[in-house]
Amino acid sequence: MKKRFLLRGRTNLVETSNADFPSGDPRMYQLDVTLRRGQNLAARDRGGTSDPYVKFKLGGKEVFRSKTIHKNLNPVWEEKACILIDNPREPLYIKVFDYDFGLQDDFIGSAFLDLTSLELNRQTDVTLSLKDSHYPDHDLGSILLSVLLTPREEQREVTMLMRKSWKRSSKFQTQSLRLSDLHRKSQLWRGIVSITLIEGRELKAMDANGLSDPYVKFRLGHQKYKSKIMPKTLNPQWREQFDFHLYEERGGIIDITVWDKDAGKRDDFIGRCQVDLSNLSKEHTHKLEMPLEEGEGCLVLLVTLTASAAVTISDLSLNSLEDQKEREEILKRYSLMAMFHNMKDVGFLQVKVIRAEALMAADVTGKSDPFCVVELNNDRLLTHTVYKNLNPEWNKVFTFNIKDIHSVLEVTVYDEDRDRSADFLGKVAIPLLSIQNGEQKAYVLKNKQLTGPTKGVIYLEIDVIFNAVKASIRTLMPKEQKYIEEENRLSKQLLVRNFIRTKRCIMVLINAAYYISSCFDWDSPPRSLAAFLLFLFVVWNFELYMIPLALLLLLAWNYFLIISGKDNRQHDTVVEDMLEDEEEEDDRDDKDSEKKGFMNRLYAIQEVCVSVQNILDEVASFGERIKNTFNWTVPFLSCLAIVALFVFTIILYFIPLRYIVLVWGINKFTKKLRNPYAIDNNELLDFLSRVPSDVQLMQYHELKQDPSHSPSKRKKNNPG
């Protein structure tokens with residue numbers, strides 16, 4: 001007897017009861033939905049139109065999102081979605097939004113589709129009227145669907161997949177998907193979109209002075225990037241480069257909007273444009289001049305589509321380095337013989353996420369539903385969820401291509417929640433250069449600020465293989481930026497911390513000046529006499545090459561102090577205490593922010609204070625990074641500094657200074673002629689940006705493990 005489900009309103013069929021679906025029904029169902037079109041949707045934009053898109057949610061989880069149709073109240077989508085159903089009693093929730101890039105999207109309306117009212121194995125056209133509980137009498141339009149519900153006999157093996165929405169709040173949204181191949185393919189990108197934002201031309205003036213303070217936002221799916229702000233110009237020169245991941249073989253559309261920064265009020269919209277990647281050929285750099293819609297002027301971009309890097313997810317028994325043949329190929333790819341092949345491919349990273357123990361209980365049942373997020377710069381992969389477990393075992397292997405050996409691997413554990421964003425359980429940050437290959441290690445989980453421990457440990461085994469020459473060259477190039485990082489907010493503790501850090505750096509210079517002054521005053525006759533004789537010797541024999549030679553000797557002296565056990569580097573408890581205070585204030589701010597509106601806290605004085613706070617941080621970090629270079633905090637960078645100083649010493653010794661200045665000047669004057677779209681950079685500042693500040697050292701510091709969680713260690717041959 002064929003089982004039937006009915007559409008409400010049809011009286012010619014015999015209605016079946018929900019009792020036909022026992023709660024323990026092990027069968028899966030497949031719902032094929034075709035999103036046809038919308039009719040007479042509500043206008044949410046100033047121009048009397050909307051930019052609608054549709055979300056499908058099932059059991060509180062987003063399972064589908066349509067593309068955005070711009071400026072249309074009767075959009076036609078004709079998009080198909082295949083949704084796996086394990087409980088047909090749960091209705092499909094349809095929500096329609098108006099897309100506002102850079103702002104919060106406006107809600108248009110929603111509707112429910114009762115799956116128990118559908119007839120099995122029969123395609124049905126459905127028209128759903130949109131409603132809003134706040135405005136029950138308003139006509140918000142309707143959505144037309146074609147639906148087909150069919151039973152499936154596979155085993156119920158469902159996992160939850162986290163995807164980041166890259167919003168400023170750094171919150172996560174969840175999507176419910178099938179495990180196995182779908183779980184992997186939805187995470188793995190098929191290509192890289194490299195974008196260079198060159199300049200803007202004749203942009204619209206938005207300020208009273210006839211100028212603007214423009215910046216640009218890019219969006220490809222859930223990936224976002226925000227450029228720096230160029231003050232008081234209508235022809236900004238950005239020269240910024242960044243990469244997006246390309247998940248769809250047919251390409252995608254990059255949404256680009258230009259904004260004018262205004263202190264103390266909402267930023268002004270200048271214009272928008274789109275780049276359709278499906279129209280661009282791969283492995284070729286395209287120069288695009290994109291006129292701005294709804295505004296004036298244009299943007300100049302360079303866009304390059306390249307093949308995907310070797311990013312994989314596999315089970316523990318199928319990792320690359322266990323296969324001897326694959327291991328030899330990887331070692332060959334990053335050997336010194338291949339140092340000039342594909343300079344962007346610096347190395348190979350393999351991360352085994354094995355298990356966690358004694359995690360925090362985030363649910364009322366005293367359990368958690370933990371999963372792991374593994375991040376390397378903008379590359380981000382996830383494990384499956386282990387339900388109702390405080391000691392989960394994932395046994396997954398992730399591989400990444402390393403673009404910068406000074407990157408930091410971040411592994412974060414979350415608790416999956418059905419109806420809201422995931423709860424944070426713990427996090428570890430591991431600099432790649434500190435990794436010991438082939439060692440299974442238990443890492444104590446830290447809090448969000450990475451300043452102190454939280455409950456639980458996670459067991460990881462990490463291998464890093466890289467080419468030292470490529471890594472050294474990459475060190476002198478601009479550092480990869482995050483797509484959009486959380487904007488700094490005004491914090492009393494952060495402001496005080498940055499002030500104290502800056503004060504400590506300045507006090508070093510002041511104390512040095514006092515020391516020299518005391519030599520002139522003969523406070524200590526032996527010291528003043530030695531200083532006087534040294535002064536005469538240095539001035540009489542001074543040559544320019546002695547400057548890098550002195551720095552080279554200082555590095556060597558500190559190295560010998562360290563290896564002889566006379567390390568004068570001290571643990572910075574002051575910074576640690578301030579970080580803990582800042583974390584407590586962040587917790588208070590998070591609670592206060594729920595009570596206060598965002599616009600009420602946007603004041604011009606706050607913008608000034610945040611700028612001062614950031615400047616103090618940059619000055620303090622600059623001084624701390626110079627100190628940490630000479631303190632051998634990162635041996636790789638200190639060795640690189642020794643090589644550079646040695647080369648400079650030899651050059652200054654054998655080549656007259658005027659020839660060196662002449663070559664430097666010719667290079668600077670002709671750089672834009674040789675490469676008009678070159679990105680400006682300073683090699684010294686790029687080098688220092690890789691040296692961690694004292695705050696970063698505290699965040700990367702590995703906490704001591706509880707003896708009860710000591711892992712079984714197993715060593716392999718270190719390929720590095």
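This is a predicted model: local features need pLDDT of at least 70, side-chain atom pairs count only at pLDDT 80 or more; totals for chains, interfaces and linings use all residues.
The expected span of a helix is 1.5 Å times one less than its number of residues. H9 has 20 residues, so it should span 28 Å. The C-alpha atoms at its ends lie 29 Å apart, which agrees. Several residues of H9 are buried: Phe636, Leu637, Ser638, Leu640, Ala641, Leu645 and Thr649.

Helix H9 (635-654) also takes part in the packing of helix H3. H3 covers residues 468-475. Its buried residues are Lys470, Ala471, Ser472, Arg474 and Thr475. These buried residues pack against H9, helix H2 (324-333), helix H11 (683-690) and strand E27 (453-466). The N-terminal end of H3 is capped by Asn467. A side-chain oxygen of Asn467 lies 3.0 Å from the backbone nitrogen of Val469.

Aromatic rings were examined next. A pair of aromatic rings is described by the distance of the centres and the angle of the planes. Ring centres within 6.5 Å count as a pair. The count by this rule comes to 17 aromatic pairs. Trp259 and Phe269 form an edge-to-face pair, with 5.4 Å from centre to centre and 75 degrees between the planes. This pair links distant parts of the chain, ten residues apart. Trp259 belongs to strand E15 (residues 253-260), and Phe269 belongs to strand E16 (residues 268-276). Trp259 has 6% relative accessibility and so counts as buried. Phe269 has a relative accessible area of 25%, so it is partly exposed.

The rings of Tyr653 and Phe654 form a further pair. Their centres are 4.9 Å apart and their planes are at 85 degrees, so this pair is edge-to-face. Phe654 counts as exposed because its relative accessibility is 60%.

One aromatic cluster is made up of Tyr53, Phe97, Tyr99 and Phe107. The ring of Tyr53 also has a charge over it: the charged end of Arg65 sits 4.1 Å from the ring centre.

Buried means under 20% relative accessible area. Leu561 has 17% relative accessibility and therefore counts as buried. In sequence, Leu561 and Asn631 are 70 residues apart. In space, the C-alpha atoms of Leu561 and Asn631 are 9.8 Å apart.

Notes. Residues are numbered from 1 along each chain as its sequence is written. Side-chain values use heavy atoms; hydrogens and water are left out. Buried means under 20% relative accessible area, exposed over 50%, partly exposed in between (1.4 Å probe, protein chains only). Helices (H or I, at least four residues) and strands (E, at least two) are DSSP runs, numbered from the N terminus. Contact means heavy atoms within 4.5 Å. A polar contact is a pair of N or O atoms within 3.5 Å; within protein, one must be able to donate a hydrogen and the other to accept it, and residues adjacent in sequence count only if both atoms are side-chain atoms. Rings of Phe, Tyr and Trp (its six-membered ring) pair if their centres lie within 6.5 Å; planes under 30 degrees apart count as stacked, over 60 as edge-to-face and the rest as tilted. A charge sits over a ring if NZ of Lys or CZ of Arg is within 6 Å of the ring centre and within 35 degrees of the ring normal.
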